[in-house]
Structures are given as structure tokens and as C-alpha cells.
Amino acid sequence: MYAANVKPTFGGRLQDPSYYAAVTAYIKSLNNTTTQRQIASMLNSAGYRSPTGKPFVRSTVANFLRKKSV
């Protein structure tokens with residue numbers, strides 16, 4: 001488990017692996033039928049936040065898709 005107040009090393013992950021698995025599955029299930037803006041809204045409604053703790057926005061979803069190759 002990751003400590004809440006410890007910053008990761010440069011390029012390190014901000015969340016634990018289960019977070020990334022859950023968000024990846026959520027985005028993957030909606031990616032072909034929903035816009036990135038709608039996915040961001042749905043993630044926020046489901047209680048998810050970006051890895052930095054902020055609400056998801058379209059660009060956050062786009063970056064997540066690009067980096068995770070969903």
C-alpha cells in the first residue's frame with residue numbers, strides 16, 4: 001500500500017496498481033461508444049479522481065488512453 005503523503009519518484013505512479021486496473025477497465029468498457037468528455041463525467045460521478053486527486057476532465061482521459069494504450 002502506498003503512503004498518502006509520500007511523493008513518488010520522478011515518473012513513479014501516484015496511485016496503487018488496483019486504482020489503475022479499475023480506471024483502465026472503466027475507460028476500456030466505454031471507449032468505443034462514448035466521448036472522452038462523457039467518460040470523464042462518468043468517472044467523476046462514480047467517485048473516481050485523477051491520479052493527482054483532481055476531477056477527471058477530457059484531457060485527463062485522453063492522456064490516460066494515450067499512456068495506457070487502452
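Thr-34 is buried, its relative accessible area being 16%. This residue lies in the loop that joins H1 to H2. When residues up to four places away in sequence are set aside, Thr-34 touches Ile-39 and Met-42. The model described here is a predicted one.

The protein chain contains 3 helices and 0 strands, and its elements follow the order α-α-α from the N terminus on. Of its 70 residues, 26% count as buried. Among the contacts in the protein chain with a separation of 6 or more, 44% are accounted for by residues 24 or more positions apart.

The packing of the helices was examined next. Two packed helices are described by the angle between their axes and the distance between the axes. Helix H1, residues 17-30, packs against helix H2, residues 36-45, at an angle of about 140°, and the axes of the two lie 11 Å apart. H1 is therefore oblique to H2, since angles over 145 degrees would be needed for the pair to count as roughly antiparallel. The crossing of H1 and H2 is right-handed. On the H1 side, the contact is made by Val-23, Tyr-26, Ile-27 and Leu-30, while H2 contributes Ile-39, Met-42 and Leu-43. By class, this contact of H1 with H2 comprises 7 nonpolar residues, with no polar and no charged residues.

The largest nonpolar core consists of 12 residues, namely Tyr-19, Tyr-20, Val-23, Ile-27, Leu-30, Ile-39, Ala-40, Leu-43, Phe-56, Val-61, Phe-64 and Leu-65. At least two residues of this core are supplied by each of H1, H2 and helix H3 (58-68). H1 provides the largest share, with 5 residues.

Ser-50 is placed in the loop between H2 and H3. Its relative accessibility is 5%, and Ser-50 therefore counts as buried. Apart from residues up to four places away in sequence, Ser-50 touches Gln-15, Tyr-19, Phe-56 and Thr-60. Gln-15 is located in the segment before H1 and, because its relative accessibility is 25%, counts as partly exposed. Although Gln-15 and Ser-50 are 35 residues apart along the chain, their C-alpha atoms are separated by 9.3 Å.

Gln-36 is found in helix H2. With a relative accessibility of 26%, Gln-36 counts as partly exposed. Leaving aside neighbours within four places in sequence, Gln-36 is in contact with Arg-58, Val-61, Ala-62 and Leu-65. A separation of 8.9 Å is found between the C-alpha atoms of Gln-36 and Thr-60, which are 24 residues apart along the chain. Thr-60 is also one of the residues touched by Ser-50.

Terms used
Residues numbered from 1 in each chain as written. Predicted model: local features only at pLDDT ≥ 70, side-chain atom pairs only at ≥ 80, totals over all residues. Heavy atoms only, no water. Axes fitted to C-alpha atoms, helices over the stretch in contact; angles between N-to-C directions. Helix = DSSP H or I, 4+ residues; strand = E, 2+ residues; numbered from the N terminus. Parallel < 35°, antiparallel > 145°, perpendicular 65-115°, else oblique. Left-handed = near helix turned anticlockwise from the far one by under 90°. Contact = heavy atoms within 4.5 Å. Nonpolar A, V, L, I, M, F, W, Y, C, P; charged D, E, K, R; others polar. Core = buried A, V, L, I, M, F, W, Y, C linked by side-chain atoms within 4.5 Å. Buried < 20%, exposed > 50% of the residue type's maximum accessible area, 1.4 Å probe, protein only.
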